[in-house]
Structures are given as C-alpha cells and as structure tokens.
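Please keep the sequence and the structure in view while reading.

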Amino acid sequence: QVQLVESGGGLVQAGGSLRLSCAASGSIFSINDMGWYRQAPGKQRELVASITSGGSTNYADSVKGRFTISRDNAKNTVYLQMNSLKPEDTAVYYCNAGARRTWYEGYLEVWGQGTLVTVSS
C-alpha cells in the first residue's frame with residue numbers, strides 16, 4: 001500500500017509564502033505524475049500544479065508565476081512553493097500521485113489527507 005503525507009500548511013497573510021511537502025511511503029516500485037489539487041469551501045477540487053517523473057510541469061492559470069512545483073524522485077517527495085499568496089488561495093490542498101507497487105502492476109491513483117492553507121487579507 002502507498003501513502004501520501006502532506007505537511008506545510010497553515011495561516012499566512014496575503015503576500016506571504018508557504019511551502020507544502022508531500023512524501024510517499026509504503027511499498028513503492030515507481031511513481032509517475034505527482035500533483036497538487038485544492039478545494040475551497042463550496043467549490044470543486046481543482047488542479048493547482050502537476051509534474052511528471054521527468055520534471056515537466058503544468059500549472060493552473062490562477063497560480064502561474066506565483067507557485068512552483070518540484071520533486072525529489074530519490075525521496076518520492078513533491079513540493080509546492082507558494083509565493084504572493086492571495087485570500088482566494090485559501091483551500092485544503094491535496095497531494096496526488098500515480099504509483100505502482102511492483103513492476104507488473106499498473107499505476108494506482110493515490111491521494112493524501114489534505115493540508116489546510118488559509119490566507120488572511
């Protein structure tokens with residue numbers, strides 16, 4: 001079984017920065033894409049940023065130029081550096097990864113438990 005554990009959320013003032021981390025653990029053979037999603041109260045979960053195992057990145061238009069996703073493949077960890085935070089960035093942030101436990105299994109989608117980011121105005 002593969003688990004994702006997020007950390008780094010909290011309360012920050014508008015214009016501030018936070019860095020989220022997500023570490024995968026358990027029986028892992030390989031991980032392909034990793035990403036961050038967020039869900040604000042009353043809204044649907046949305047993609048914030050994603051990164052392939054090769055390092056190619058994709059960002060939501062709302063965070064381009066402010067957020068940076070990166071990963072350490074040796075540590076099975078993905079990061080989200082969030083700068084110039086705005087109140088509308090307030091949400092629960094979820095880590096997501098495609099992981100497989102053995103070479104003969106397919107990739108399964110795994111989710112973290114979420115970490116709350118609150119940006120005050």
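The sections below treat the disulfide, the aromatic residues, the surface patch and some points of the backbone. The structure is a predicted model.

**The disulfide**

How many disulfides does a search of the whole structure find? The search finds 1. This disulfide joins Cys22 to Cys95, with an S to S distance of 2.1 Å. The pair links distant parts of the chain, since Cys22 belongs to strand β3 and Cys95 to strand β9 (residues 91-100), 73 residues apart. The torsion about the S-S bond of Cys22 and Cys95 is about -85 degrees, and therefore the disulfide is left-handed.

Are these two cysteines buried or exposed? Both Cys22 and Cys95 are buried. For Cys22 the relative accessibility is 0%, so Cys22 counts as buried, the limit for this class being under 20% relative accessible area. A separate distance concerns Cys22 and Glu88: these residues are 66 apart along the chain, and their C-alpha atoms are separated by 22 Å.

**Aromatic pairs and a charged neighbour**

The count of aromatic pairs comes to 2. In one of them, the rings of Tyr37 and Trp111 have centres 5.0 Å apart and planes at 65 degrees, so the pair is edge-to-face; planes over 60 degrees apart fall in that class. Tyr37 lies in strand β4 and Trp111 in strand β10 (residues 108-111), and the pair therefore ties together parts that are 74 residues apart in sequence. Tyr37 is partly exposed, with a relative accessible area of 22%, and Trp111 also counts as partly exposed, at 32%.

Trp103 and Tyr104 form an aromatic pair that is edge-to-face as well, at 5.5 Å centre to centre and with 90 degrees between the planes.

**The nonpolar surface patch**

Which residues form a nonpolar patch on the surface? The patch consists of Phe29, Trp103 and Tyr104, which together have about 440 Å² of accessible area. Phe29 is placed in the loop between β3 (18-26) and β4 (30-39). With a relative accessible area of 46%, Phe29 is partly exposed, whereas Trp103 and Tyr104 are both exposed.

**Backbone and partly exposed residues**

Most residues other than glycine have a negative phi. Asn76 has a positive phi, near 50 degrees, and Ser84 likewise has a positive phi near 50 degrees. Asn76 is found in the loop between β7 (67-72) and β8 (77-82), and Ser84 in the loop between β8 and β9.

Ser7, by contrast, lies in strand β1 (residues 2-7). Ser7 and Ala40 are 33 residues apart in sequence, and their C-alpha atoms are 18 Å apart in space.

| Residue | Relative accessible area |
|---|---|
| Ser7 | 40% |
| Asn76 | 23% |
| Ser84 | 42% |

Methods: Residues numbered from 1 in each chain as written. Predicted model: local features only at pLDDT ≥ 70, side-chain atom pairs only at ≥ 80, totals over all residues. Heavy atoms only, no water. Patch = residues over 30% accessible without salt bridge, like charges linked within 9 Å, V, L, I, M, F, W, Y side chains within 5 Å. Areas by Shrake-Rupley, 256 points an atom, 1.4 Å probe, with all protein chains shown as cover. Salt bridge = Lys/Arg side-chain N within 4 Å of Asp/Glu carboxyl O. Helix = DSSP H or I, 4+ residues; strand = E, 2+ residues; numbered from the N terminus. Buried < 20%, exposed > 50% of the residue type's maximum accessible area, 1.4 Å probe, protein only. Disulfide = S-S within 2.5 Å. Phe/Tyr/Trp six-rings, centres within 6.5 Å; stacked < 30°, edge-to-face > 60°.
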